[in-house]
Amino acid sequence: MPSTTLTYDVPVDVALAYLSDPVNRPEWQSSLRRVELVDAGPPRVGQRWRDHTAVGVVAHMATTALDAGSWAESGSWRGITADLTLRLEPHGAGCRVHAEFTVRGRGPWAPVGAAAGAVGLPAVRADLATAGRILSERHHP
């Protein structure tokens with residue numbers, strides 16, 4: 001599974017609370033214009049929402065894992081499925097964020113999934129770097 005690691009200067013609990021809340025996503029995920037919650041409330045396994053992207057795609061999303069050091073989501077749109085898993089660990093006064101990202105396409109969508117997977121990880125890394133900068137600015141003014 002393609003992966004990348006970033007370092008944040010905030011603790012695991014602060015980073016995880018921010019990254020796992022779908023409401024925050026348009027602030028740091030460049031492709032999103034808005035999030036539509038299907039299940040309101042605090043982040044939790046099974047929480048569902050819709051990502052409304054800049055290119056007009058509306059992906060159906062769900063949190064698939066959430067604990068003290070990790071969070072995962074799965075999203076689908078037509079024949080495409082994407083999975084993102086974040087594992088966070090303490091690192092000095094901050095934390096390391098390990099991200100794994102995969103995209104799969106079924107049937108006629110297989111080539112689209114392969115192409116999206118190839119360009120997806122750098123985009124995920126850039127978005128997570130943006131999230132890290134936002135968190136740093138808020139917690140270390």
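**Entry 1: getting started**

I began by noting that this is a predicted model, where local features need pLDDT of at least 70 and side-chain atom pairs count only at pLDDT 80 or more, while totals for chains, interfaces and linings use all residues. Residues are numbered from 1 along each chain as its sequence is written, and side-chain values use heavy atoms, with hydrogens and water left out.

I then looked up the confidence (pLDDT is the predictor's confidence in each residue, from 0 to 100). The protein chain has a mean of 93, and 100% of its residues reach 70 or more. Confidence is lowest in H3, at a mean of 89, and highest in H1, at 98. Helices (H or I, at least four residues) and strands (E, at least two) are DSSP runs, numbered from the N terminus.

Next I looked up the largest nonpolar core, which has 30 residues. Such a core is a set of buried Ala, Val, Leu, Ile, Met, Phe, Trp, Tyr and Cys residues joined through side-chain atoms within 4.5 Å. Buried means under 20% relative accessible area, exposed over 50%, and partly exposed in between (1.4 Å probe, protein chains only). Tyr 8 is among the residues with the most contacts inside this core, along with Leu 19, Leu 86, Leu 88 and Leu 128. Several elements each supply at least two core residues, including strand S1 (3-8) and helix H1 (12-19). Helix H3 gives the most, with six residues.

**Entry 2: a buried glutamine**

I found Gln 47 in the loop between S2 and strand S3 (48-53). Is Gln 47 buried or exposed? Gln 47 has a relative accessible area of 1%, so this residue counts as buried. I also checked its polar contacts (pairs of N or O atoms within 3.5 Å; within protein, one must be able to donate a hydrogen and the other to accept it, and residues adjacent in sequence count only if both atoms are side-chain atoms). The Gln 47 side chain reaches the backbone oxygen of Asp 39 at 3.0 Å, and the backbone oxygen of Gly 41 lies 3.3 Å from a polar atom of that side chain.

**Entry 3: salt bridges**

How many salt bridges does the structure hold? I noted seven (a side-chain nitrogen of Lys or Arg within 4 Å of a carboxyl oxygen of Asp or Glu).

One of them joins Arg 138 and Glu 27, with the closest N and O atoms 2.3 Å apart. Arg 138 lies in helix H3 and Glu 27 in helix H2, so this pair ties together parts that are 111 residues apart in sequence.

Another links the side chains of Arg 104 and Asp 83 (2.7 Å, N to O). Arg 104 is partly exposed at 39%, whereas Asp 83 is buried at 18%. Arg 104 also has a polar contact, side chain to side chain, with Thr 102 (3.3 Å). Thr 102 sits in strand S7 and touches Asp 83 too.

**Entry 4: two rings**

My search of the whole structure for aromatic pairs gave one. Rings of Phe, Tyr and Trp (its six-membered ring) pair if their centres lie within 6.5 Å; planes under 30 degrees apart count as stacked, over 60 as edge-to-face and the rest as tilted. The rings of Trp 77 and Trp 109 have centres 5.2 Å apart and planes at 75°, so I wrote down edge-to-face.

Note on methods. Contact means heavy atoms within 4.5 Å. Lists of a residue's contacts leave out its neighbours within four places in sequence.
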